[in-house]
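Student: Can you walk me through this one? I'd like to go at it question by question.

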2 protein chains.
Amino acid sequence: MSLTILPGAARTSSVPDKTEHAALNLHEADEAGKGRIRLDNESAILLAAEQTFARHGFKGATMAMIAEAAQLPKPNLHYYFGNKQRLYMTLLSGILRDWLVPLDYFHPQACARDAIERYVRQKMCFTFSRPEASRLFASEILHGAPLALPLLQTTLRELVNDKAAVIDSWIAQGQLKPLDSRHLLFSIWAMTQTYADFEVQIGAILGDEAEGPRAQQRAVDHVLSSVFRMCGLA
Amino acid sequence: MSLTILPGAARTSSVPDKTEHAALNLHEADEAGKGRIRLDNESAILLAAEQTFARHGFKGATMAMIAEAAQLPKPNLHYYFGNKQRLYMTLLSGILRDWLVPLDYFHPQACARDAIERYVRQKMCFTFSRPEASRLFASEILHGAPLALPLLQTTLRELVNDKAAVIDSWIAQGQLKPLDSRHLLFSIWAMTQTYADFEVQIGAILGDEAEGPRAQQRAVDHVLSSVFRMCGLA
DNA sequence: GTCTATATCTAGATAGAC
DNA sequence: GTCTATCTAGATATAGAC
């Protein structure tokens, strides 16, 4: 199941910074020379755009801000991505794909407790490692998903219904206490993402305690034990 | 404890639509005549602004959109609120105030179970009755709370620390299972608000089932029983 | 492929008539 | 107190030199 919207959308994570992958690029000989520069520039732009869109929203972010963050002239952004909306969409589709991957842990043969623990840990890992990606996606949904709605109504909906059926089977087997499986997913998403999406609020409340790996561990422990209790796995 | 940022900030909810409160306004005789029109216009603008800012974000919303929604000419918005940021701030401060009110249920003498049930129900009520207010506030936090941060670091922080102490006392009394009281609040906020902030996503997944009072009841039941289980009150 | 200079459009804000 | 007409700033996007 591929969630890519734009064909050949370049992903930040697929372009390791300085490691020499020239050998891999030799397959496309005529694209290897320019392709290297293109990939580097595109990944720099995508990284800068993710941060800028997350911080200022789609309208609030300007191409000039993104260009400065990427240390490239403004017209280069149009050269590589055509326009602002296409750049934004490229980011969105990549984030949704990464966001859904952890659901793979939910399959009928899996042990419910193990699957849920791995899922929660993966979501918390995403939250703390890519908070800007989480906020960018949250901002899109919050404002009515003007661009992502078609994806939500098809791919996401089908995937969630599949995984809800898996959870229901775990309940039928007596592995979990009865609960609404789709609402359970909504709650897990909410509890995990809040540490990225509302990071500023949490930081304001916790103060210094909010920072560092010990704070992250505390959050993971809390969410994991809460989800276990919700599922009757405590 | 007052959370008002702007002195005399007019609140939508404080202006009943057509009920005759002229008698109450007679105290300020010279403001009664114009005051009526002013209050009506201000509340129309605030209502329109809440919807528009929630839907498009601060930058994405334009004064022209708000004016059209309020059915008033653009310059009137500037006449009443000076500029876009002041209009936005007036909304923000009112929402934060309304958002914090339910925490009053948390006081040391209260029964923990009753207080938590009332709190969750109040939060869910806010979510379903004023989803745009929730999204407007969420958007502000999501983008780094450029305007609300000072409030979060003072009033919100102190209030939360107070209420966390109350929860801790309930735990010490054995009314609740041990857990991190402040993270419990983060989780309750996340689980309740997600039905407003991510309404589009949930709607896309649940389809027709997401609408109507029965869907709301289902969500309330889920969140309430989940929070009870988290607290060992199931 | 890169980037300077510029065209075009849109939005916030206001002057001034009523 | 209200609103038409307009000013100005700033943003997207592109033309065209290198």
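Student: Which residue of chain B forms a salt bridge with A:R218?
Tutor: Keep in mind that we're looking at a predicted model. A salt bridge needs a side-chain nitrogen of Lys or Arg within 4 Å of a carboxyl oxygen of Asp or Glu. Here the closest N and O atoms are 2.9 Å apart, and the partner of A:R218 is B:D180.

Student: How many salt bridges are there between chain A and chain B?
Tutor: The pair A:R218 and B:D180 is one salt bridge. Chain A and chain B also have 18 residue pairs in polar contact, both residues at pLDDT 80 or more. For salt bridges, the count between the two chains is four.

Student: Which element gives the largest share of the side of chain A that touches chain B?
Tutor: Several helices of chain A supply at least two residues each, including α2, α7 (131–142) and α11 (213–230). The largest share is 12 residues, and it comes from α9(A).

Student: What area is buried between chain A and chain B?
Tutor: Start with the contacts: 55 residues of chain A meet 55 residues of chain B. Carbon and sulfur atoms give 64% of the buried area. The total comes to about 4800 Å².

Note on methods. Residues numbered from 1 in each chain as written. Chains lettered and ligands numbered in written order. Predicted model: local features only at pLDDT ≥ 70, side-chain atom pairs only at ≥ 80, totals over all residues. Heavy atoms only, no water. Contact = heavy atoms within 4.5 Å. Buried area = accessible area lost by both parts, 1.4 Å probe. Polar contact = N/O pair within 3.5 Å; in protein donor to acceptor, adjacent residues only side chain to side chain. Helix = DSSP H or I, 4+ residues; strand = E, 2+ residues; numbered from the N terminus.
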